[in-house]
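Grab a pencil and work through these exercises with the structure open beside you. Try each task before you read its solution.

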Amino acid sequence: MPRLLALSFLGLLATACAPRRPAPGAANEPRPDVVLEARGLRSYEGDALQVSGTASRVLYRRAGGEVQATDVVVRLPPGEGARDSTPTSPGGTTITAPNMDGSLASKRWTGTGGVVVRTAEGLVANTPRLTYDSDARRAHGDEGVTMKGPDYQMRADRFTLSAADQTFTFEGTVHAVLGGATE
């Protein structure tokens with residue numbers, strides 16, 4: 001009996017250690033090391049909450065620290081990170097995107113597929129693609145942005161958003177309609 005148990009254990013171990021084979025028809029992309037479904041996230045620097053949010057699915061690859069997520073909602077607290085903040089703290093900026101790819105090593109991520117940015121002041125910005133740098137607490141986009149605020153609308157070719165103070169900088173052709181007018 002002990003010999004049968006040992007052989008069974010060795011067979012199981014050999015199966016577990018065998019190289020992974022991609023599913024038939026799958027691209028040459030390696031399988032993720034970890035798959036999380038409907039997960040929340042929080043990232044801290046010391047006691048300061050830097051980012052929180054949710055995703056319907058997160059794929060993680062240990063080699064390189066790459067992360068891919070779908071149906072993402074990210075909350076950036078105001079200021080340089082609020083001590084003892086919770087994901088539902090008032091203020092801050094919320095970014096939603098159908099897809100996000102990032103790297104834990106570089107602390108950068110890119111949202112694609114129609115990204116929406118909402119600030120506590122009521123500003124709503126839409127852009128096809130947004131890249132966020134966690135170290136700098138800045139987001140930028142080079143594929144155009146449209147914005148609506150309480151009494152204005154705006155379009156621009158490029159933008160930068162400072163998450164620390166929720167300020168936008170616009171570049172390229174900028175078109176603004178003031179006074180609550182709509183296009």
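**Exercise 1.** How many bridges join strand β6 to strand β7, and do the two run parallel or antiparallel?

*Solution.* One thing to keep in mind first: this is a predicted model.
- Step 1: find the two strands. β6 covers residues 108-119, and β7 covers residues 124-133.
- Step 2: count the links. Nine bridges join β6 to β7, and the strands run antiparallel.
- Step 3: check one pair by eye. Val116 has Asn126 in β7 as its bridge partner.
- Step 4: look at the turn. β6 and β7 make a hairpin with four residues between them, and Gly122 in that turn has a positive phi of about 100°.

**Exercise 2.** Stay with β7 and find its pairing with β8 and with β9. Which residues face each other there?

*Solution.* 
- Step 1: take β8 (residues 138-141). Three bridges tie this strand to β7, in the antiparallel sense. Asp133 has Arg138 in β8 as its bridge partner.
- Step 2: check the hairpin of β7 and β8. There are four residues between these strands, and Arg137 takes a positive phi near 55°.
- Step 3: move to β9 (residues 145-149). β7 pairs with β9 over three bridges, again antiparallel. Here Ala125 stands opposite Met147.

**Exercise 3.** Is Arg118 buried, partly exposed or exposed? Then find out what surrounds Arg118.

*Solution.* 
- Step 1: Arg118 sits in strand β6.
- Step 2: use the cut-offs. Buried means under 20% relative accessible area and exposed means over 50%, with partly exposed in between. Arg118 has a relative accessible area of 46%, so Arg118 is partly exposed.
- Step 3: list contacts. Leaving aside neighbours within four places in sequence, Arg118 touches Gly92, Thr93, Thr94, Leu123 and Val124.
- Step 4: compare sequence with space. Arg118 and Gln166 are 48 residues apart in sequence, but their C-alpha atoms are 9.9 Å apart.

**Exercise 4.** Which residues are the closest to the centre of the largest pocket, and which element gives the largest share of its lining?

*Solution.* 
- Step 1: start with the space. The largest pocket holds about 700 Å³.
- Step 2: go to the middle. Of its 28 lining residues, Leu41, Ser43, Val51, Leu104 and Trp109 are the closest to the centre.
- Step 3: name the elements. Two or more lining residues come from each of β1, β2, β3, β5 and β6. β1 gives the largest share, eight residues.
- Step 4: sort by type. The lining divides into 14 nonpolar, seven polar and seven charged residues.

Key: Residues are numbered from 1 along each chain as its sequence is written. This is a predicted model: local features need pLDDT of at least 70, side-chain atom pairs count only at pLDDT 80 or more; totals for chains, interfaces and linings use all residues. Side-chain values use heavy atoms; hydrogens and water are left out. Two strands pair if DSSP finds at least two bridges between them. Buried means under 20% relative accessible area, exposed over 50%, partly exposed in between (1.4 Å probe, protein chains only). Contact means heavy atoms within 4.5 Å. On a 1 Å grid over the protein atoms alone, a cavity is a set of points where a 1.4 Å probe fits but cannot get out, and a pocket is an open set with protein on both sides within 12 Å along at least five of seven lines; lining residues have an atom within 4 Å of a point. Grid points are joined across faces, edges and corners, and a volume is the space filled by probe spheres set on the points. Ala, Val, Leu, Ile, Met, Phe, Trp, Tyr, Cys and Pro count as nonpolar, Asp, Glu, Lys and Arg as charged, and the others, Gly among them, as polar.
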